[in-house]
Amino acid sequence: MPREPMPRTPAASRFARATGAYPLCVAGLLLLTGCASDSGGTRAEPVRRDSAGVAIVEHPAELVAPAEWTITLDSAVRLAGEFSRVRYGVRFTDGRLAIADGDSRTLRVFAPDGTLQHVGGRDGAGPGEFRGITYMNRWLGDSVLVWDVQQRRLSVFDDTVAFVRSFALQTDSTTPFGNVQGVFADGSMYATGFSTFPGGGGPQPGRQRSDTPAYRFAADGRLDTTYSVMLSGEGFFRVFNDGGFSVMTPLFARLSTLHAGREILVHADNEQFDLRVYSPAGALQRSIRKLGTPAAITPSLRSAVVAHRLAELPSEADREREREALETMDVPATVPAFGRVLLDRDDRLWVEEFAAVPGDRSVWLVFTPEGTLVARATMPQRLTPLEIGRDYLLGVERDELDVESVVVIPLR
């Protein structure tokens, strides 16, 4: 029977945490070590060809970026107040910032210097209230669009987060559900449907993928397009005699994700490095590839990942409960081809290099929408980008106790 997308476990949320003119020199947050790569290698241009009207951009396995960017928090402006479960944030055209706080279910607007200006929204079922903030983004003009999946309702706020109106997606018997995941420049929305398991039944014990259809809805909520490409997520299931089940993120999980930019929709399957760029209407435009095979999963690598996963659990009881599953579950032959994927406000693709055990810094490859490699960028692992623009990076910093701070740092 079709099911709504399952809530992510904390580990899955950490793995999947999401999201202008190209800078030549950047001070503060983004510092270029030079206009050419200092890796010592020879930069090879990608091979570009056409296949039935689709552009293929093929990069060599050993990439040498034209620039190396180092991202630090030295110039960060910290927004005032306490935050918890911040997953979405945007910057308005005048530099003010809107943040969605998941725990308080509020929207807050800050001046560029980080001082609080306005608060909107609250817990509830009335106009301008939420049972949860499932998605938030800047919408038409400088309005804010918020999706509440529990109420299946979209709410529009102005740039002071004053409530304007609510509306629903116009689903039907063939498309009974839409879960908003992104917005395009024209106000249309990308949404996902119900997830299903192979054969149409429920989950089976062990490692299993589920498929999720994807749709485009017009700015007024009407169904516009059913995309030909689907999302796919992998879980490790334990099924109980009473019909219930539990799910955890498997080791080296395979994921197929979609990411909406302003003018493009990107399909990313981490089985291989092949990012497929579509128009918002669903027409395939290009495929950005990197040759080579991902690294093999060795026994020592698996052991290190299991130890890291167990160390992240809050108690010894939790560790004992998960240890056997982590130590005995099947794993693929190779690691995923990449980690997270983000699109910035100019539709550049930020593709995180996969790290089996995260270190102090994450490493990203930055491509133009046409597939040209711009740079290799590093940033602190504790910094999760929410939005990257021409001259700023808005993100969440987490300290050693997992306490959140929202920061915005100028890029020049």
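Predicted model: local features only at pLDDT ≥ 70, side-chain atom pairs only at ≥ 80, totals over all residues.
Local features were considered only at pLDDT of at least 70 and side-chain atom pairs only at pLDDT 80 or more, while totals for chains, interfaces and linings use all residues. Residues are numbered from 1 along each chain as its sequence is written, and side-chain values use heavy atoms, with hydrogens and water left out.

Helices (H or I, at least four residues) and strands (E, at least two) are DSSP runs, numbered from the N terminus. Helix 3 covers residues 316-328, 13 residues in total, and spans 19 Å from its first C-alpha to its last. This is close to the expected 18 Å, the expected span being 1.5 Å times one less than the number of residues. At Glu322 helix 3 bends by about 40°; the bend is the angle between axes fitted to the seven residues ending at a residue and the seven starting there.

The buried residues of helix 3 are Asp318, Glu322, Ala325 and Leu326. Buried means under 20% relative accessible area, exposed over 50%, and partly exposed in between (1.4 Å probe, protein chains only). Their cover includes strand 19 (231-239), strand 20 (245-248) and helix 2 (299-312), where contact means heavy atoms within 4.5 Å.

A salt bridge was counted where a side-chain nitrogen of Lys or Arg lies within 4 Å of a carboxyl oxygen of Asp or Glu. By this rule the model has 33 salt bridges. One of them lies within helix 3, where Asp318 pairs with Arg321, the closest N and O atoms being 2.4 Å apart. The two residues are three positions apart, about one turn of the helix. Asp318 is buried at 15% relative accessibility, whereas Arg321 is partly exposed at 49%.

Glu397 belongs to strand 30 (residues 392-398) and Arg78 to strand 5, so the pair ties together parts 319 residues apart in sequence. Glu397 is buried, with a relative accessible area of 11%, and Arg78 is partly exposed at 42%.

Leu73 is located in the loop between strand 4 (68-71) and strand 5 (77-78). With 11% relative accessibility, Leu73 counts as buried. Leu73 and Met379 are separated by 306 residues in sequence, and their C-alpha atoms are 8.6 Å apart in space.
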